[in-house]
Amino acid sequence: MVEKKPNFIVIGAMKAATTSLYTYLKQHPDIFMTKVKEPMFFNNFQQENNYKILGSKRKGLTTLNDYLAMFDDVKNEKAIGEASPAYIYNPKAPQLIKENLPNIKIIAILRHPTDRAYSNYLHTKRADRENATSFQEAIELENKRIKDNWSPLYHYIEKGYYSVQLKRYFDLFSEQNIKVYLFEDVVRNTKETLKDIFKFLEVDENVEIDTS
């Protein structure tokens, strides 16, 4: 009987090819990925986040039962996972993940902080959630926005301090259970990176994935 709960999580970062990775992992016959690409459960569970955000606010999952129900369709897949790129930045997520999924494997993808920040800004602008007229203005507003409890969506620069964020995971999980990749690896050396990820997840490394 397969245990229907995740044994790996892609924790981020945002705008660092996590959507591409999710699409590739979903194709592997031994890997189960949730239908919802970003459940963001551990950003909502046991947390009161009354963040300011422009535009409509998505209601997140807040109960463990609802979260685990996302894995009800697991059949015989060996690797069971989800990808929520906001987990890397949420200070409470590592501890909550550890308490509820103690032996989980963690995958992080890091992108050059400036490129990541600008891509994040463009994404927010396209989604009509940013009223700053330029990236420069958004950066100048950032500290005040953080003080005023604006959503992490607007923490463009702050989200680039990866060492602070990863340390929380390395403090709680075994080094063997954490893999960190670079955005360039996923984008330019896709096949080799996927092979390495499949090895880490202990599934067949030689499955052909359509990365077009």
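**Entry 1: contacts and ground rules**

I call two residues in contact when they have heavy atoms within 4.5 Å. With that, I looked at contacts between residues at least 6 apart in sequence, and 72% of these join residues at least 24 apart.

A note to myself: this is a predicted model, where local features need pLDDT of at least 70 and side-chain atom pairs count only at pLDDT 80 or more, while totals for chains, interfaces and linings use all residues. Residues are numbered from 1 along each chain as its sequence is written, and side-chain values use heavy atoms, with hydrogens and water left out.

**Entry 2: the whole chain**

I looked up helices (DSSP runs of H or I, at least four residues) and strands (runs of E, at least two), both numbered from the N terminus. The chain has nine helices and five strands, and from the N terminus their order is β-α-β-α-α-β-α-β-α-α-α-β-α-α. The radius of gyration is 17 Å, close to the 17 Å that the globule rule gives for 212 residues, so the chain is as compact as a globular protein of that length. Here the radius is taken over C-alpha atoms, and the rule is 2.2 Å times the number of residues to the power 0.38. I also noted that the C-alpha trace spans about 50 × 40 × 30 Å along its principal axes.

Buried residues make up 47% of the 212.

I then picked Ser174: is it buried, exposed or partly exposed? Ser174 has 35% relative accessibility, so it counts as partly exposed. I found Ser174 in the loop between helix 7 (162-170) and strand 5 (178-182). Ser174 and Gly12 are 162 residues apart in sequence and 18 Å apart in space, C-alpha to C-alpha.

**Entry 3: pockets**

On a 1 Å grid over the protein atoms alone, a pocket is an open set of points where a 1.4 Å probe fits, with protein on both sides within 12 Å along at least five of seven lines; lining residues have an atom within 4 Å of a point. A volume is the space filled by probe spheres set on the points, which are joined across faces, edges and corners.

The largest pocket has a volume of about 1,200 Å³. Of its 41 lining residues, Met40, Ile53, Ala86, Ser151 and Leu153 are the closest to the centre. Helix 1 (18-27) and helix 2 (41-44) are the elements that give two or more residues to this lining.

The second largest pocket comes to about 190 Å³. I counted 12 residues in its lining, with Glu3, Lys5, Pro6, Asn7 and Asn103 nearest its centre.

Technical notes:
Buried < 20%, exposed > 50% of the residue type's maximum accessible area, 1.4 Å probe, protein only.
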